[in-house]
Amino acid sequence: MEQIKLNDINLNSLKKLQQQGTKSTIYRNGTSCIKMLDGFYEEEKDALFKKFLDMEGLEIENVLLPKELIVSNGKLEGYTMDYFPSVSLNSKFEVRQVDTKVLFDYVYKASKILREIHRNGIICQDLSFENILVDDNG
């Protein structure tokens, strides 16, 4: 997997996305996102770095995987991934009244994607409604 040096990225010139991770900062750069792991402990970054290297070349439909790894002194600091207009499932259902049929349709689609992720030997440790993104096509 290609690696980018942290010093080669000017984060101040990028637009922060409205939706942010709980332990990361997400920026947009054209058709790419940059996710900086600024809330992660070093051991979490090390474990994630190894996992990303193990997933190199893997492609799973409807799953965003890293394109490039952002490193500093051989340590993972972030990664890039494709950008597409979307909202998290959590944000989509912030209202008091929820159409349960629509919600269950999304959960069903997400569970099918999760099954495919498992078939590829990946165990998701951070699966939440914040990490399920919904685009205009559902």
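How many salt bridges does a search of the whole structure find? The search finds seven, a salt bridge being a side-chain nitrogen of Lys or Arg within 4 Å of a carboxyl oxygen of Asp or Glu. This is a predicted model, in which local features need pLDDT of at least 70 and side-chain atom pairs count only at pLDDT 80 or more, while totals for chains, interfaces and linings use all residues. Residues are numbered from 1 along each chain as its sequence is written, and side-chain values use heavy atoms, with hydrogens and water left out.

**Stop 1: Lys-45 and its partners**

Select Lys-45 and Glu-42 to begin. These residues form a salt bridge whose closest N and O atoms are 3.7 Å apart. Both belong to helix α1 (residues 42-54), where a spacing of three residues separates them by about one helical turn. Helices (H or I, at least four residues) and strands (E, at least two) are DSSP runs, numbered from the N terminus. Lys-45 counts as buried at 6% relative accessibility, whereas Glu-42 is partly exposed at 40%. Here buried means under 20% relative accessible area, exposed over 50%, and partly exposed in between (1.4 Å probe, protein chains only).

Because Glu-77 lies in strand β6 (residues 75-82) and Lys-45 in helix α1, the pair ties together parts that are 32 residues apart in sequence. Glu-77 is buried, with a relative accessible area of 18%. Beyond its neighbours within four places in sequence, Glu-77 is in contact with several residues, including Leu-6, Met-36, Lys-45 and Val-71; contact means heavy atoms within 4.5 Å.

**Stop 2: helix α3**

Move to Lys-101 and Asp-105, whose side chains meet in a salt bridge (3.0 Å, N to O). Both residues lie in helix α3 (residues 100-119), four residues apart, about one turn of the helix. Lys-101 is exposed at 55% relative accessibility, and Asp-105 is partly exposed at 35%. Elsewhere, salt bridges that share partners join Glu-42, Lys-45 and Glu-77 into one network.

Display the whole of α3 next. At 1.5 Å a residue, its 20 residues should span 28 Å, and the end C-alpha atoms are 28 Å apart, which agrees; the expected span is 1.5 Å times one less than the number of residues.

Which residues of α3 are buried? They are Leu-103, Tyr-106, Ala-110 and Ile-117. These four cover an arc of only 65° around the axis, so they are on the same side of α3; the arc is that of the directions from the helix axis to the C-beta atoms. Their cover includes α2 (89-92) and β8 (133-134).

Just after the helix, Gly-121 takes a positive phi of about 80°.

**Stop 3: the strands around β4**

Select strand β4 (residues 32-36), which is mostly covered, with four of its five residues buried. Strand β3 (residues 25-29) runs antiparallel to β4 and is joined to it by five bridges; two strands pair if DSSP finds at least two bridges between them. Within this pairing, Arg-28 has Cys-33 of β4 as its bridge partner. The two strands form a hairpin with two residues between them, and Gly-30 in the turn has a positive phi of about 70°.

Strand β4 also pairs with β6 in the antiparallel sense, over five bridges. To locate this pairing, find Ile-34, which stands opposite Thr-80 in β6.

**Stop 4**

Follow β6 to β5, with which it pairs in the antiparallel sense over five bridges. Here Val-71 has Leu-76 of β6 as its bridge partner. The hairpin of β5 and β6 has two residues between the strands, and Asn-73 takes a positive phi near 55°.

Where does Lys-5 find its bridge partner in β5? The partner is Val-71. Strand β1 (residues 2-5) and strand β5 (residues 68-72) pair in the parallel sense over four bridges. When viewing these strands, recall that in a regular strand the side chains alternate between the two faces of the sheet.
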